[in-house]
Amino acid sequence: MEAVAGSRILPQMSLNQNSESLRRHVKLMPSFFNTTKPSADQHSNLNGMKNTVSGGWPMTLPVQTKGFVGRTFCSVGVCTYPGGIIESHSHIAEEKIGVLLLNLGGPDTLNDVQPFLFNLFADPDIIRLPRLFRFLQRPLAQLISTLRAPKSKEGYASIGGGSPLRKITDEQASALKLALEANEIKRDRIMRLVVLPLYPQYSISTTGSSVRVLQEMFRSDTQLSRLPVAIIQSWYQRQGYINSMADLIEKELQNFQNPKEVMIFFSAHGVPVSYVENAGDPYRDQMEECIFLIMQELKLRGIGNDHTLAYQSRVGPVQWLKPYTDEVLVELGQQGVRSLLAVPVSFVSEHIETLEEIDMEYKELALESGIVNWGRVPALNCTPSFITDLADAVIEALPSAMAISNSNTSTSDKAEIDFVGYAIKMLFGSILAFILLLSPKVMLAFRNYIL
Ligand SMILES: C=CC1=C(C)c2cc3[nH]c(cc4nc(cc5[nH]c(cc1n2)c(C)c5CCC(=O)O)C(CCC(=O)O)=C4C)c(C)c3C=C
Ligand SMILES: [Fe+2]
């Protein structure tokens with residue numbers, strides 16, 4: 001059994017690489033683990049089986065981030081699942097299950113901030129340009145990331161000079177591996193992959209974006225396209241997750257002098273309204289249902305506090321989901337709310353928006369607005385009940401694993417077509433962006449957009 005942590009760069013790989021090449025790639029992965037566990041019989045459960053160390057699963061995924069400091073596949077955990085070896089009377093079969101965690105990346109150092117932002121804005125699911133203007137995506141991303149970098153760097157500098165996301169995601173991957181090994185399960189002789197985004201609610205801009213790229217990659221690889229894959233789209237409604245969130249809230253309420261008077265303030269990462277209203281993003285509906293379920297669980301525990309939901313972290317001049325966290329905090333203070341417990345709800349790890357935006361900016365704003373007692377629920381990170389629930393989610397998803405079908409175009413043809421198209425688009429995009437930038441008015445509008 002091994003767990004290897006490395007940089008955030010995940011290069012393109014294929015299934016049949018030799019072990020030397022595999023080792024090199026594995027080192028580049030933020031988190032990769034590989035275990036096998038013996039089993040007695042297909043029809044017996046695996047309780048009490050002894051772990052063995054595998055020499056390595058000859059498979060790794062063609063995981064590719066969208067550039068250097070990656071967004072999207074920022075933690076990869078691959079494990080051969082308990083039941084690694086299944087003995088069925090006369091044969092021994094090895095059974096391996098991969099778990100691929102999808103998460104947002106974050107800059108490890110201040111030097112990584114601009115490349116990180118570039119990857120973010122170059123994602124067509126984050127900056128959604130009309131099809132006709134798609135060729136501008138990368139030049140625009142270059143421009144916006146360069147202009148926004150100083151402000152973002154300030155934020156990352158204030159939380160220690162980089163994002164903690166990578167470290168926490170690695171820890172979650174290791175904890176999940178242990179939880180999966182502890183589980184009892186019966187196995188067939190198959191290899192399957194479960195894709196688990198670390199976003200409880202689905203959004204086009206998070207899970208949607210990652211899964212789209214993953215599917216493109218799998219379709220264009222003959223071997224991977226045959227691998228049975230189960231994708232967990234969202235899991236906010238799972239009782240284990242709801243209970244874990246309720247536990248955190250219940251515990252944190254006890255830190256207030258008068259817990260019953262505390263306003264439970266859910267703060268979710270926002271998305272532009274157009275995602276929900278024009279592109280059919282289920283994010284807002286799922287978020288509202290998630291809050292409803294958490295509050296319902298708290299009520300069952302005799303906790304009937306007032307609560308509210310607001311959206312934070314908007315970028316640019318377009319309308320984002322409302323109400324906005326900063327505006328609601330001010331209103332609540334003015335309305336006489338004196339005790340408030342902030343609950344970050346769209347993400348399961350500590351990150352810049354909990355450590356800087358909530359703990360510093362929003363706290364200061366709330367105290368200025370009349371709130372006296374402030375608290376914040378920590379992120380779930382590696383909370384055992386939460387990790388166990390993720391392990392259960394992985395196991396429950398296994399039966400639905402299906403091959404992602406192969407595309408007709410060969411990989412090399414595709415690469416050629418992509419390259420020519422890409423070069424033409426880059427050329428025209430850069431010329432247009434350059435012309436636009438010569439106009440001071442356009443430049444000013446841009447500055448307003450990104451800050
Ligand atoms: C520009 C549009 C953005 C959309 C849409 C968006 C959706 C979205 N993001 C998260 C989670 C996180 N985002 C984080 C950072 C971050 N996000 C955007 C922009 C959009 N996000 C920017 C520009 C940044 C960089 C930070 C900054 O400059 O303000 C992070 C933090 C990563 C870290 O390093 O700690 C998280 C987490 C969700 C869940 C979401 C949609 C539901
Ligand atoms: Fe974001």
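# Close-up views of a predicted model

**Cys-290 is a buried cysteine, with a relative accessible area of 0%.** Buried means under 20% relative accessible area, exposed means over 50%, and partly exposed is in between, using a 1.4 Å probe and protein chains only. This is a predicted model: local features need pLDDT of at least 70 and side-chain atom pairs count only at pLDDT 80 or more, while totals for chains, interfaces and linings use all residues. Residues are numbered from 1 along each chain as its sequence is written, chains are lettered from A and ligands numbered from 1 in the order in which they are written, and side-chain values use heavy atoms, leaving out hydrogens and water. Cys-382 itself counts as partly exposed, at 27% relative accessibility. Searching the whole structure turns up zero disulfides, a disulfide being a pair of cysteine sulfur atoms within 2.5 Å.

**The protein chain as a whole holds 13 helices and 13 strands.** Helices (H or I, at least four residues) and strands (E, at least two) are DSSP runs, numbered from the N terminus. Of the 451 residues in the protein chain, 53% are buried. Contact here means heavy atoms within 4.5 Å. Taking contacts between residues at least 6 apart in sequence, 80% join residues at least 24 apart.

**Four strands make an open, mixed sheet in the order E6-E7-E8-E13.** Strands of a sheet pair through backbone hydrogen bonds, either parallel or antiparallel. Two strands count as paired if DSSP finds at least two bridges between them. E6 and E7 pair in the parallel sense over seven bridges, with Leu-101 standing opposite Leu-196 in E7. Strand E7 (residues 191–197) also runs parallel to strand E8 (residues 228–231), joined by three bridges, and here Val-195 faces Ile-231 in E8. Is E7 mostly covered or uncovered? Six of the seven residues of E7 are buried, which leaves the strand mostly covered. At the edges stand E6 (96–102) and E13 (402–403), each with a single partner strand, so one side of each has no neighbour in the sheet.

Setting aside residues up to four places away in sequence, Tyr-241 touches a list of partners including Cys-290, Trp-235, Val-345, Leu-380 and Phe-386.

**Thr-206 sits in helix H5 (residues 204–219).** Thr-206 is buried, with a relative accessible area of 16%. Along the chain, Thr-206 and Ala-141 are 65 residues apart, and their C-alpha atoms are separated by 17 Å.

**Glu-252, in helix H6 (residues 239–253), is buried without a salt bridge.** A salt bridge is a side-chain nitrogen of Lys or Arg within 4 Å of a carboxyl oxygen of Asp or Glu; Lys and Arg count as positive, Asp and Glu as negative, and His and the chain ends are not counted. Which side chain of opposite charge is nearest to Glu-252? That is Lys-251, 5.3 Å away. Beyond neighbours within four places in sequence, Glu-252 is in contact with Leu-341, Arg-376, Val-377 and Pro-378.

**Backbone geometry in two loops.** Most residues other than glycine have a negative phi, and most peptide bonds are trans. In the loop between strand E10 (307–312) and helix H9 (325–334) lies Pro-323, and the peptide bond from Lys-322 to Pro-323 is cis, with omega near 0°. The loop between E10 and H9 also holds Ser-313, whose phi is positive, near 65°. Ser-313 counts as buried at 8% relative accessibility. Asn-381 belongs to the loop between strand E12 (373–376) and helix H11 (384–397), and its phi is positive too, near 45°.
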